[in-house]
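This report describes a set of strands, a nonpolar core and a pocket. The sequence and the structure come first, and the description follows.

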Amino acid sequence: MGSLDRKLCLRIAGVVRESVVDGPGLRYVIFAQGCPHRCPGCHNPETWDPAGGYEITAAELLADISRNPLIAGVTFSGGEPFAQAAAFAALGRALREEGYNIVTYTGYTYEELQTIAEKGVRELLAVTDILIDGPFILAERDLTLPFRGSKNQRIIDLRATRTSETIVELHF
């Protein structure tokens with residue numbers, strides 16, 4: 001588990017231990033508790049209250065994830081993972097050390113996240129391989145889109161974006 005602080009806690013709404021709809025491949029999904037966006041028509045409104053859900057250590061999550069050798073990656077969904085950016089970044093670093101790829105969902109746009117000076121936000125972006133950004137917009141809802149709920153949301157290859165210094169979208 002490398003340098004993961006065994007006492008580091010995250011407030012989450014829950015997990016899905018095996019998912020194929022929250023990013024490419026078989027994924028473990030962690031739903032962050034707390035969301036400032038409160039998008040009308042949200043799929044997970046129970047995650048909005050930052051005092052809801054429950055606390056769990058990052059070490060417990062990492063141990064649970066590692067129990068399934070078929071898991072290729074981990075998805076941070078919400079709620080809003082960037083509301084707990086430092087904690088999710090620390091977990092993301094530990095997961096990357098173990099060979100997992102990271103997908104992070106956010107109601108912010110990538111451009112908005114780049115303007116936030118908080119160190120944890122930069123660190124969570126740094127460990128994220130794929131960012132699915134933008135608020136859910138009910139008028140743009142499209143259930144045929146892979147990995148997202150509305151047409152305005154983008155699937156951004158953050159590794160390629162960092163290299164090319166321009167947003168590189170993925171199309172599945």
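## Nonpolar core

In this predicted model, the largest nonpolar core is made of 36 residues. Within that core, Ile30, Val74, Phe76 and Leu95 have the most contacts.

Several elements supply at least two residues each: the strands β1 (9-19), β2 (27-32) and β4, and the helices α1 (58-66), α2, α3 (110-115) and α4 (119-127). Helix α2 gives the largest share of the core, with 8 residues.

## Strands β4 and β5

Strand β4 covers residues 73-77 and pairs with β5 in the parallel sense, through 4 bridges. One of the residues involved is Gly73, whose bridge partner in β5 is Asn101. Helix α2, at residues 85-97, belongs with these two strands: β4, α2 and β5 form a β-α-β unit that is right-handed.

Strand β5 itself spans residues 101-105 and is mostly covered, since 4 of its 5 residues are buried.

Among the paired residues, Thr104 has Leu131 of β6 as its bridge partner, and Tyr105 has Ile132 of β6.

Which way do the residues of β6 point? Ile130 and Ile132 point one way from the strand, while Leu131 and Asp133 point the other way. All four of these residues, Asp133 included, are buried.

Strand β6 is paired with β7 (residues 154-157) as well, here in the antiparallel sense and over 4 bridges. In this pairing Asp133 stands opposite Arg154 of β7.

## Largest pocket

The largest pocket holds about 780 Å³ of space. It is lined by 32 residues, and the closest to its centre are His43, Asn44, Tyr105, Gly149 and Gln153. Of these, Tyr105 is the residue with bridge partner Ile132 in β6.

How many residues of each class line this pocket? The lining has 13 nonpolar and 13 polar residues, together with 6 charged ones.

Definitions and conventions: Residues are numbered from 1 along each chain as its sequence is written. This is a predicted model: local features need pLDDT of at least 70, side-chain atom pairs count only at pLDDT 80 or more; totals for chains, interfaces and linings use all residues. Side-chain values use heavy atoms; hydrogens and water are left out. Buried means under 20% relative accessible area, exposed over 50%, partly exposed in between (1.4 Å probe, protein chains only). Two strands pair if DSSP finds at least two bridges between them. A crossover is right-handed if, with the strands pointing away from the viewer, the path from the first strand over the helix to the second runs clockwise. On a 1 Å grid over the protein atoms alone, a cavity is a set of points where a 1.4 Å probe fits but cannot get out, and a pocket is an open set with protein on both sides within 12 Å along at least five of seven lines; lining residues have an atom within 4 Å of a point. Grid points are joined across faces, edges and corners, and a volume is the space filled by probe spheres set on the points. Ala, Val, Leu, Ile, Met, Phe, Trp, Tyr, Cys and Pro count as nonpolar, Asp, Glu, Lys and Arg as charged, and the others, Gly among them, as polar. A nonpolar core is a set of buried Ala, Val, Leu, Ile, Met, Phe, Trp, Tyr and Cys residues joined through side-chain atoms within 4.5 Å.
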